[in-house]
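Subject: Structure for your review

Dear colleague,

Please find below the structure I wished to hand over to you. My findings follow directly after it.

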Amino acid sequence: MSPSSKVYRGKSGQWAFVGHRVSGFLVFAFLLLHIVDVSLVRWPAIYNDVHAVYGNILLRLFEVGLLFALLFHSLNGLRIVLVDFFPDGVRNQRLLLSGVVFLTLAAGIPGAWIIVKPFFLG
Amino acid sequence: MAIRTPDRIGSARPRGDRRPRQNFETWSWFFMRVSGLVLIFLALTHFAITHIANDVTDTKIDFVGKRWSNPLWQVFDWALLALALLHGLNGLRTIIDDYVRAPARRITVKAVLYTLSFGLFAFGTLTIFTFTR
């Protein structure tokens, strides 16, 4: 067997698995950074300076990314709980994944607009 | 991850079948589900307050001072800190086990991760409970 024929082809469930890992890793990396930036409250002037940087468009887009990662990881985590604990969850796991993607977009897009809006409208 | 779920899907196991012994990984699996559910509430509430209800540029030092003058918000933030770190740490432990195969390298990567996480946990805890305006 050639190595390529051994590649697991798990379809949508496998992409949910990849998305869960990637979003989880990103949120964890942000958490470590966030502990440091909040801990700057001890030095108020530095805290406020560093914090003002969060208002620029690049970091606002970064926050949008964080929002989508959080939403996807939360909703897909809920799907994993349903799949693990309820037989109906397994049977409908693909439908549940559609729900996860739909709700991530439905909540994420308006949220993203609220986050970037102040940059454009002042 | 879903790969590690115990074999409990579908119909009930046959009568007389002994339940598998509960080892560390079983509890780790269970912890991820329970902490995950609590974190959905904690993390999304936190994000909604600091990024949606308020603009990020308004969460200056006074904002933090006002929030942490209420012990309930201190406990809320500390619960979020502790659970998110443990949940993330356990997730990363699984990822390292999957992708870092060489034993020496695996131990090194885990040592760095655990040291960093517990160091930042102590730092964050100190920040939440010792901050005074």
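In this predicted model, the mean pLDDT among the elements of chain A is lowest for H2(A), at 90, and highest for H3(A), at 96. Chain A as a whole averages a pLDDT of 92, and 95% of its residues score at least 70. For chain B the average pLDDT is 89, with 86% of the residues scoring at least 70. Among the elements of chain B, the lowest mean pLDDT, 92, belongs to helix H2 (residues 61-68), and the highest, 97, to H3(B). The model has an ipTM of 0.90 and a pTM of 0.87.

Interface between the chains

The contact between the two chains involves 34 residues of chain A and 33 residues of chain B. On the side of chain A that touches chain B, two or more residues come from each of helix H1 (11-39), helix H2 (44-53), helix H3 (57-85), helix H4 (87-91) and helix H5 (93-121) of chain A. By class, the residues on that side of chain A are 23 nonpolar, eight polar and three charged.

Nonpolar core

In soluble globular proteins, nonpolar side chains tend to be buried together. Here, the largest nonpolar core has 22 residues. The residues with the most contacts inside this core are A:Val27, A:Leu31, A:Leu70, A:Leu71, A:Phe72, B:Ala43 and B:Ala84. Two or more residues are given to the core by each of H1, H3 and H5 of chain A, and by helix H1 (24-53) and H3 of chain B. H3(A) contributes the most to the core, with six residues. As for A:Leu71, its contacts are A:Thr104, A:Ala107 and A:Gly108, leaving aside residues up to four places away in sequence.

Chain B

The secondary structure of chain B consists of four helices and zero strands, and its elements run α-α-α-α from the N terminus on. Chain B has 133 residues, of which 13% are buried. Of the contacts in chain B between residues at least 6 apart in sequence, 73% join residues at least 24 apart.

How do H3(B) and H4(B) pack against each other? Helix H3 (residues 71-99) and helix H4 (residues 103-130) of chain B have axes 10 Å apart, at an angle of about 175 degrees. H3(B) is therefore roughly antiparallel to H4(B), since angles over 145 degrees count as such. The residues of H3(B) that meet H4(B) include B:Trp78, B:Leu81, B:Leu85 and B:Arg93. On the H4(B) side, the residues include B:Val109, B:Leu113, B:Phe121 and B:Ile128. The contact of H3(B) with H4(B) comprises 12 nonpolar, four polar and four charged residues.

Individual residues

B:Ala79 is found in helix H3 of chain B. Is B:Ala79 buried, exposed or partly exposed? B:Ala79 is partly exposed, because 13 other C-beta atoms lie within 10 Å, and a residue counts as exposed at 12 or fewer and as buried at 20 or more. The C-alpha atom of B:Ala79 is separated by 9.0 Å from that of B:Leu39, although the two residues are 40 residues apart along the chain.

A:Lys11, in helix H1 of chain A, has a phi near 55 degrees, which is a positive value in a residue other than glycine. A:Lys11 is exposed, because 8 other C-beta atoms lie within 10 Å, and 12 or fewer is the cut-off for that class.

Yours sincerely

Methods: Residues numbered from 1 in each chain as written. Chains lettered and ligands numbered in written order. Predicted model: local features only at pLDDT ≥ 70, side-chain atom pairs only at ≥ 80, totals over all residues. Contact = placed C-beta atoms within 7 Å. Nonpolar A, V, L, I, M, F, W, Y, C, P; charged D, E, K, R; others polar. pLDDT = per-residue confidence, 0-100. Axes fitted to C-alpha atoms, helices over the stretch in contact; angles between N-to-C directions. Parallel < 35°, antiparallel > 145°, perpendicular 65-115°, else oblique. Core = buried A, V, L, I, M, F, W, Y, C linked by C-beta atoms within 7 Å.
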